[in-house]
Amino acid sequence: TDAYLYSQSSVCDAETIFALSSGHGRCGVAVVRVSGPASSMVLRNMAGLTQALPPPRTALLRRITDPKSKELLDRGLVLWFKGPHSFTGEDSAEFHIHGGPAVITAVLQALGSLEGVRPAEAGEFTRRAFHAGKLGLTEVEGLGDLIHAETEAQRRQALRQMDGELGRLYQDWSYRLKRCLAHVEAFIDFSEDELIEDGVLNQVDSSVRQLETEIERHLKDERRGERLRTGVQVVIAGATNAGKSSLLNTHRVPPSRGTTRRPLVEREGVRRARQRVEQADLTLVVVDSTQLPPDPQLVAAFLQQHLSTVLPSPEAGMTAASDKVLLVLNKSDLVPEEQRERTEGELRERPGLPPACFLSCSTSTGLEDFLTVLQSRVKTLCGDPLSGAPSLTQARHRAHLQQSVQALNQYHQYRDQDLALAAEGVRLALTHLGRITGRVGAEEILDIIFRDFCIGK
Amino acid sequence: MLAQKLHLLRHNVLSFVSSRTGSDFTRRQYDVIVVGGGHAGTEAAAAAARLGAETLLITQKIMTIGALSCNPSLGGVGKGQLVREVDALDGLCGRAGDAAGVHFSILNRSKGPAVWGPRAQLDRERYRQFIQSELLSTPRLTVLEGSVDELLVSQPNPEEPGHHRVTGIRLVDGSHPILSSSVVLTTGTFLSGSLFMGQTTSPGGRMGDAQSCAGLSYTLKETLGLRVGRLRTGTPPRIVKESVDLSLAQLQAPDKQPTPFSFLNTHTRCKPEEQLPCYLTHTTPGVERVVRESVHLNCHIQQDAKGPRYCPSIESRVLRFPGRRHQVWLEPEGLTSDLLYPQGLSMTMPPELQLRLLREIPALHRAEIRTPGYGVQYDFVCPTQLTPSLQVKSTQGLFLAGQINGTTGYEEAAAQGLWAGVNAGRTALSLPPMALSRTQSYIGVLIDDLVGRGVTEPYRMFTSRAEFRTYLRPDNADLRLTPRGFEEVGCVTLRRYKKAVSVRDGLQEALMALQSVALSSTRWREKLGNISLSENKSTTLNGLDLLQYKDVSFEMLASAFPECLSQYFEYSQRLKIEAVYRPHCEKQSREMERIRSEESLSLPSDMDYLSLPVSLSQEVREILDRVRPNTLGAATRLPGMTPAGIIHLLNYVLRTGFMHML
């Protein structure tokens with residue numbers, strides 16, 4: 001009956017959501033699902049479909065690119081589902097991409113950067129499907145369990161992060177934002193009858209501005225910046241005469257920006273050595289190739305054994321297979337060509353062993369390949385603050401933080417014109433932050449109001 | 001019927017005869033019985049009667065129907081929104097406010113129309129008169145003076161232990177029972193109420209009135225097994241106006257042009273120039289000293305019942321925030337009243353100390369007290385035991401509204417009263433119960449908060465409680481509620497409905513007319529003079545886009561396009577507000593839709609969560625079992641609820657009925 005107020009709005013303003021809908025962890029193919037009215041826009045932007053969309057429910061092999069930087073992210077299958085003939089009943093799209101964490105992260109981050117598109121909350125696809133009448137009883141029941149598992153995983157991951165520095169940072173923002181909102185709300189609900197201290201809004205102005213600056217700065221560099229500033233700690237470890245110093249002194253290790261090189265001398269003692277390794281971002285374990293067993297089939301076991309003496313115990317979170325270790329098989333020029341090749345074949349993609357590079361510090365043979373591997377490792381370390389963990393949660397955080405900052409802009413925009421709309425900006429910012437740190441209810445805001453002000457109408 | 005009722009009322013009012021005489025005139029059966037004649041009771045009775053139910057209102061004193069027992073004012077920030085909504089559903093308090101107001105102002109004028117707070121100081125006498133004459137002229141409504149001794153309920157059904165059905169009431173005088181399938185209790189502070197002043201305590205719910213309803217308390221607590229809590233409140237001393245040195249207080253003038261509460265009124269009874277001022281003054285260190293010296297003589301303040309944090313007595317304020325200056329408003333009690341009401345000075349110390357305290361304030365240094373302030377402690381029924389229709393879950397046909405549900409304030413009481421009356425009427429007429437969505441009204445927010453979360457202190461409305469504040473505005477309450485109030489609920493009269501529909505259509509046309517005038521930014525600047533538009537020169541903007549700008553008024557646009565816009569002058573303010581808020585409301589509509597659809601999925605009140613054959617964690621089961629949310633929406637808002645739990649419940653409610661949601 002109030003059609004004139006909201007005639008088309010429920011359709012045209014629906015938010016578009018995305019999520020990785022295949023399982024977490026390494027897998028061959030990952031499926032990223034998008035649902036909502038902007039799905040066709042997403043497809044056009046990311047799969048380079050400038051003209052017509054593909055026929056519905058038909059797989060199409062496309063280059064998938066970042067809509068902003070135009071960088072190639074992956075090649076994969078894209079599918080288009082026109083609503084209501086989709087899982088959720090809305091316009092939907094699917095990206096079938098390679099399953100590596102780097103590709104998945106890149107695609108999710110690219111999606112999150114699009115306007116009007118945000119990561120789905122746990123169970124949101126299912127709820128949309130349900131509301132569209134797309135699910136039967138058994139399906140709902142089954143999906144409930146699935147979502148439960150998903151939420152659990154997210155919760156555990158969130159908890160892990162919340163313990164750390166990042167968690168403290170988010171909690172601090174959330175607390176400050178809550179106070180900002182409480183003070184604006186106090187001004188709206190009570191200032192006509194009560195002595196609300198002068199300048200309470202001016203304080204909010206500067207707090208909001210400060211928060212915006214901090215969140216924006218965080219979004220720009222996150223811990224990547226921190227790493228770049230403090231440098232990636234690389235430790236070179238190995239037995240006497242394995243060639244640690246030679247590796248360091250080749251001077252042909254490019255001074256990768258921010259990389260510090262730290263030789264580890266055996267005299268420092270095994271205990272201290274292990275401690276250093278534990279704190280390092282990347283450990284290069286140097287082995288004298290001439291010491292390897294001549295039978296290539298025995299090399300893997302030999303290296304395994306060797307690593308266990310160099311690396312700290314697995315309880316410290318450091319395993320031989322960790323992304324934080326590279327094996328450098330030095331003095332390759334002193335090993336027969338044929339033996340080296342067969343050993344290389346044996347070690348390729350060996351589970352439980354880090355990548356191994358044959359290299360000769362004296363002749364520079366194999367140095368180029370080694371540097372490529374090293375560079376990609378450093379890049380991952382700098383680019384991914386969770387170093388190793390698939391940063392799905394991180395993509396969610398990013399999106400919510402971005403939306404938080406956008407919402408705070410609304411506060412300034414309306415501050416002098418309409419305080420209800422200005423407050424709406426702070427409310428929205430808190431809602432987005434709350435999706436990371438936990439929901440904030442009206443009662444909590446009222447508690448702050450009554451704690452901070454003497455209200456007594 | 002009407003003649004009989006008039007007779008009855010006149011009989012009681014004029015001769016103060018006992019209710020026994022009165023009851024000779026009453027029938028023995030009604031569709032709806034409302035107990036209590038305060039803000040909740042009068043709205044409930046009027047709403048049930050508007051719905052078509054034969055209704056009986058029972059009150060201890062007909063004289064006090066419509067009495068403002070505490071502050072002489074109505075509305076405010078958040079509360080004003082409630083008044084507008086009650087009015088939009090054809091309730092009484094908005095029109096009563098327009099008839100009785102002597103000082104009108106819109107609070108928060110500078111903060112945005114969504115949070116404007118229409119408010120008025122009232123003439124107590126005029127308010128009471130308006131409510132009484134309104135009830136008198138309501139068809140199908142009978143008023144009876146008397147005290148209810150007992151609520152009559154059926155024996156519990158053996159198949160549903162603990163479930164009762166209301167059958168009627170019995171009066172204190174022991175006369176025959178009056179039967180009814182719906183009873184609305186609006187007993188305010190009279191449920192096990194006790195009054196406090198200094199060290200003396202006496203039973204009662206309001207000074208000067210009869211004692212508490214002990215029989216009712218017994219039925220609710222013992223027979224029906226309802227959980228109750230205890231709250232406290234208080235009222236300030238009334239001061240003789242002549243004894244106040246108003247030259248030492250700061251004058252607060254009303255708005256030059258009073259804005260009526262009611263959508264039906266274009267002006268208020270009180271003329272602009274007849275309005276009375278308020279005065280502002282402050283506490284002094286001397287006030288704090290008197291409070292500290294009297295704490296040991298003050299029973300009320302030593303009790304641990306929960307008082308409101310936002311309406312504390314002067315004692316609590318001083319003790320909680322020492323060393324500060326607190327505001328005191330001196331409010332008129334009416335055009336002819338010789339009293340002033342000191343808002344902010346509710347107190348429970350002995351009367352002689354109350355006088356000492358007042359005289360510590362410069363403007364009150366010679367003040368005389370007419371009636372001293374006092375405190376009240378009373379039982380409330382934990383409102384989580386109610387459904388969103390305000391019916392007690394375990395008792396078919398029993399509805400509760402007002403302070404009995406743990407709220408404070410006239411407006412909160414009136415809002416619940418109206419909705420309880422609507423549902424009592426619907427139940428009596430065999431119509432399904434209805435709920436109001438929190439996405440559509442403050443009344444919905446109020447009731448959803450009460451029944452979904454319960455209360456720990458007297459509940460008062462604030463705009464910060466409403467998620468969709470930019471949509472739930474005072475200006476559009478008629479569009480939000482009146483058409484449905486007529487078409488679906490049945491509590492709105494045809495006259496109001498027609499008016500709302502014509503406003504709605506007029507606004508709709510005007511909005512379309514605004515959208516039809518489209519010019520480039522350059523051309524707009526030429527037409528309207530030097531206005532700042534952020535858009536590029538070539539961008540085309542329509543009139544509605546333009547109206548969003550701070551400096552653009554509808555009048556400016558209408559003078560630029562008189563032929564198509566000038567006919568909508570009467571809507572100019574509403575159009576401006578609509579233009580500014582519309583984009584924001586549209587952004588929220590998806591979230592609103594989600595909340596509404598989840599609110600509409602009802603969870604049966606007798607659901608056995610502990611053994612429900614779906615996979616839910618023990619923790620979630622216990623939360624659900626304890627709170628027993630009425631709808632999936634309420635369940636979603638429970639702390640500790642998981643997304644998976646919601647999906648499982650969603651699954652469950654598929655097999656159960658859907659509650660109709662407004």
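This is a predicted model: local features need pLDDT of at least 70, side-chain atom pairs count only at pLDDT 80 or more; totals for chains, interfaces and linings use all residues.

Biologist: Which helix of chain A does A:Gln339 lie in?
Modeller: A:Gln339 lies in helix H12, which covers residues 337–347 of chain A.

Biologist: And is A:Gln339 buried or exposed?
Modeller: A:Gln339 is buried, because its relative accessible area is 16%, and buried means under 20%.

Biologist: Turning to chain B, how many helices and strands are there?
Modeller: Chain B has 23 helices and 23 strands.

Biologist: What is the radius of gyration of chain B, against that of a compact globule?
Modeller: The radius of gyration of chain B is 26 Å, which agrees with the value near 26 Å for a compact globule of 662 residues. Its C-alpha trace spans about 80 × 70 × 55 Å along the principal axes.

Biologist: How much of chain B is buried?
Modeller: Of the 662 residues in chain B, 64% are buried. The chain exposes about 23800 Å², and carbon and sulfur atoms supply 52% of that area.

Biologist: What about contacts between residues 24 or more positions apart in chain B?
Modeller: Such pairs account for 72% of the contacts in chain B with a separation of 6 or more.

Biologist: Last topic, charges: how far apart are the mean positions of the positive and negative ones in chain B?
Modeller: Chain B has 73 positive and 65 negative charges, and their mean positions are 2 Å apart.

Definitions and conventions
Residues are numbered from 1 along each chain as its sequence is written. Chains are lettered from A and ligands numbered from 1 in the order in which they are written. Side-chain values use heavy atoms; hydrogens and water are left out. Helices (H or I, at least four residues) and strands (E, at least two) are DSSP runs, numbered from the N terminus. The radius of gyration is taken over C-alpha atoms; the globule rule is 2.2 Å times the number of residues to the power 0.38. Buried means under 20% relative accessible area, exposed over 50%, partly exposed in between (1.4 Å probe, protein chains only). Contact means heavy atoms within 4.5 Å. Accessible areas come from the Shrake-Rupley method with a 1.4 Å probe; for residues, only the protein chains shown count as cover. Lys and Arg count as positive and Asp and Glu as negative; His and the chain ends are not counted. The place of a charge is taken as NZ of Lys, CZ of Arg, CG of Asp or CD of Glu.
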